Amino acid sequence: MLIDSHCHLDRLKAAPDQDSLKTLLAQAKDRGVEYFLCVNVRQQGFASMQAKMAAFDQVFLSAGVHPLDVQEGLDTTQLHSYLQDPKVVAIGETGLDYYYSGETKALQQQCFEQQIALAVEVDKPLIVHTRDAREDTIAMLKAGQADKVGGVLHCFTENWEMAKAAIDLGFYISVSGIVTFKNAGELRSVIRKVPKDRLLVETDAPYLAPVPHRGEENQPAFVRDVAEFVAELRGEKYEELAEYTGDNFFSLFKDAAKLVQV
């Protein structure tokens, strides 16, 4: 069962309304993609995302504030209220990004700490974005006892040491189309090492379209290209990888498993 474990369906230019989104999801299903996790990045954008996805039972949601959007602040009371929707299966995407926005480091850390605490409080996993913040990301996950709920380092681009540290905390590693890029040799060596029971695949659509779709707007259907590439990279059959990454998704996002009675 192939699952796009991280996408931003509400940001797709190719799907500005529900009819066009229905078409895109059908195209993904034609390529074997059964479920999708639509990830929130701006608290102010959650309600519109929620409304747009309401008609699609195969789409799960997250709620959170991205580290590049922390200037808008974090209203934990409002965020808590979003979690009442049973389709919201995770907190995030949250985390730290010192590459693009190092000047907001303190505010990023504050928001990340708050979202880790909320995840532990409500017993939902975390979706973590991390870039150029390896030590702080792992240190804050440990300090916040994120191992109690687990989560995923999405669109992973870091080294094996960080992957291993996250796995030791009960986290999963999610690989995107970046793994297909020509300059991703180090990442490919990391993905070869990730245990089967800790690997997920994603698109991060509409961003980072994999080869052979570079230059296009990324779409959920393209997670098939990621999965086929990773399977070959790891010396596995595509069908095997699709099955165990799907199982991993529902092992991590237990509220999603309840909705579909996996």
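Hi everyone, this is a short walk through the inside of one protein chain. Please keep in mind that the model is predicted.

In soluble globular proteins, nonpolar side chains tend to be buried together. Here the largest nonpolar core holds 76 residues, and those touching the most other members are L9, V59, L126, L141, F171, I173 and I191. The biggest contribution comes from helix α9, residues 223-234, which supplies six residues to this core. Take L141 as an example: leaving out residues up to four places away in sequence, L141 touches F112, I116, L126, V128, A146, L169 and F171. There is also a second, separate core of 17 residues, with A90, Y172, F249 and L252 among them.

Now to the start of the chain. Strand β1, residues 2-7, has six of its six residues buried, so the rest of the structure largely encloses β1. Which strand pairs with β1, and in what sense? The partner is strand β2, residues 33-38, and the two pair in the parallel sense over four bridges. If you want to find the spot on screen, look for L2, which stands opposite V33 in β2.

Last stop: helix α2, residues 46-53. Its buried residues are F46, M49, K52 and M53. These cover an arc of only 130° around the axis, so they lie on the same side of α2. An α-helix has 3.6 residues a turn, so residues three or four places apart point the same way. S48 and A51 are exposed on the other side of α2. And what covers the buried residues of α2? The cover includes α1, β2, β3, α3 and β4.

Notes
Residues are numbered from 1 along each chain as its sequence is written. This is a predicted model: local features need pLDDT of at least 70, side-chain atom pairs count only at pLDDT 80 or more; totals for chains, interfaces and linings use all residues. Side-chain values use heavy atoms; hydrogens and water are left out. A nonpolar core is a set of buried Ala, Val, Leu, Ile, Met, Phe, Trp, Tyr and Cys residues joined through side-chain atoms within 4.5 Å. Buried means under 20% relative accessible area, exposed over 50%, partly exposed in between (1.4 Å probe, protein chains only). Contact means heavy atoms within 4.5 Å. Two strands pair if DSSP finds at least two bridges between them. The arc is that of the directions from the helix axis to the C-beta atoms.
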